[in-house]
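Reader: Hey, I'd like to go through this one with you. Can you put it up?

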Amino acid sequence: MKEKQKLLNKQIKSSISRRTFLKAFSGTIAGIGISQMFNPALVAALKKGLENHPVLWIQGQSCTGCSVSLLNSVNPDIKQILINIISLQFHPTLMTSEGETALKNLYKIAEEYKGKFSLVVEGAIPMASNGKYCICGELDHKEITMLDMTKDLGEKAGSVLAVGTCAAYGGIPAARGNETGAAGVNTVFKISGIKTPVVNIPGCPPHPDWIVGSLAHLLTIGLPEVDGNGRPILFFGENIHENCPYLEYFEKDIYSKKFTDKKGCRMELGCSGPDTSADCFKRKWNNNMNWCVENAICIGCVEPGFPDESSPFYQSK
Ligand code: FSX
Ligand code: SF4
Ligand code: SF4
């Protein structure tokens with residue numbers, strides 16, 4: 001990390017070429033310390049975004065865990081995020097405004113910043129029965145469903161971030177049974193012929209760094225490079241199992257039989273690490289405190305098949 005910080009400091013002193021900035025910035029947010037990216041060069045670049053690039057955050061079928069995860073961001077904390085990184089103009093859980101006033105304002109901003117604003121979608125979108133399973137509010141006595149909102153605002157947005165596995169691929173609301181026809185943003189766009197680019201930030205919930213880092217990337221450099229599942233390679237480009245500290249046990253065929261066995265690979269307890277790509281093994285959670293495999297197993301929460309393909313979680317596959 002020290003080398004990366006040195007590189008960033010050096011680039012701030014000299015005039016920054018786009019390529020140098022891009023390399024240093026991407027390298028930094030791909031590393032473990034997202035706070036390292038808050039250097040003067042980045043803050044200056046983000047200021048431009050604050051003026052011209054509002055972020056509108058809408059919520060469908062979700063547990064609000066994605067928003068809670070963002071609120072749990074430690075460095076930067078939520079205050080820094082809202083002051084320095086994103087111009088968050090609409091968020092149903094965080095804002096005080098509500099009802100028709102709030103909805104009118106939402107649509108007004110979307111119209112004013114057409115093609116420029118970013119839409120963050122949290123939660124799945126129920127498509128059955130014309131979207132009636134999730135009504136977000138009323139405008140002129142007409143119910144506005146999450147499906148209407150995703151289509152109307154998605155069409156006008158410059159980019160969409162599908163935050164959380166529910167918004168990205170359907171997630172828990174789309175699990176077996178799926179009475180509500182829950183789906184992710186890409187499915188809704190495909191059916192509706194909407195061409196706005198979508199970046200998936202899965203995770204149930206996603207790590208705050210994945211949300212903040214992707215937004216910062218979007219606002220300074222542009223859309224991040226994504227993998228075959230639409231996820232930023234910066235955060236989802238490495239396989240959990242191949243980088244797991246327990247890999248040496250796996251290679252020696254030493255397996256944990258219970259969660260308290262610290263010396264053994266967790267595969268026989270149901271670990272989905274081999275089928276999962278995310279950087280949890282190095283970024284860790286709760287302010288770099290620990291991560292799933294250290295306490296239990298990876299349940300593959302960032303993968304499109306979650307939860308059906310990894311459930312029941314605690315059973316050897
Ligand atoms: Fe889904 Fe977000 Fe899972 Fe919850 O709100 S990704 S259920 S942790 O958090 O939408
Ligand atoms: Fe792979 Fe999971 Fe075993 Fe780690 S604990 S080596 S991720 S199977
Ligand atoms: Fe999700 Fe696995 Fe990362 Fe845990 S370790 S957050 S289950 S991808």
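Reader: Okay, what stands opposite Val 163 in S9?
Author: Opposite Val 163 is Ile 201 of S9. Before we go on, this is a predicted model, where local features need pLDDT of at least 70, side-chain atom pairs count only at pLDDT 80 or more, and totals for chains, interfaces and linings use all residues. Residues are numbered from 1 along each chain as its sequence is written, chains are lettered from A and ligands numbered from 1 in the order in which they are written, and side-chain values use heavy atoms, with hydrogens and water left out.

Reader: How many bridges pair S7 and S9?
Author: Strand S7 (residues 159-163) pairs with S9 in the parallel sense over 4 bridges. Two strands pair if DSSP finds at least two bridges between them. Strands (E, at least two residues) and helices (H or I, at least four) are DSSP runs, numbered from the N terminus.

Reader: And what's the strand order in the open sheet?
Author: The order is S2-S1-S3-S7-S9, 5 strands with parallel pairing. Strand S2 (87-90) and strand S9 (198-201) are the edges, each pairing on one side only. From one strand to the next, the twist averages 25°.

Reader: Which strands does helix H10 lie across?
Author: H10 (residues 208-220) lies across strand S1 (54-59), strand S3 (118-122), S7 and S9, and runs at about 175° to S7. Axes here are lines fitted to C-alpha atoms, for helices over the stretch in contact (heavy atoms within 4.5 Å), and angles run from 0 to 180 degrees between N-to-C directions.

Reader: Switching to ligands. Which residues come nearest to ligand 1?
Author: Cys 63, Cys 66, Glu 122, Cys 166 and Cys 204, out of 13 residues around ligand 1. "Around" means a heavy atom within 4 Å.

Reader: What about Ser 62 and ligand 1, how many Å?
Author: An N or O atom in the Ser 62 side chain is 3.1 Å from an oxygen atom of ligand 1. For Thr 64, a backbone N or O atom lies 3.1 Å from a ligand 1 oxygen. Helix H4 (65-71) and helix H8 (165-169) are the elements giving two or more residues to this shell.

Note on methods: A polar contact is a pair of N or O atoms within 3.5 Å; within protein, one must be able to donate a hydrogen and the other to accept it, and residues adjacent in sequence count only if both atoms are side-chain atoms.
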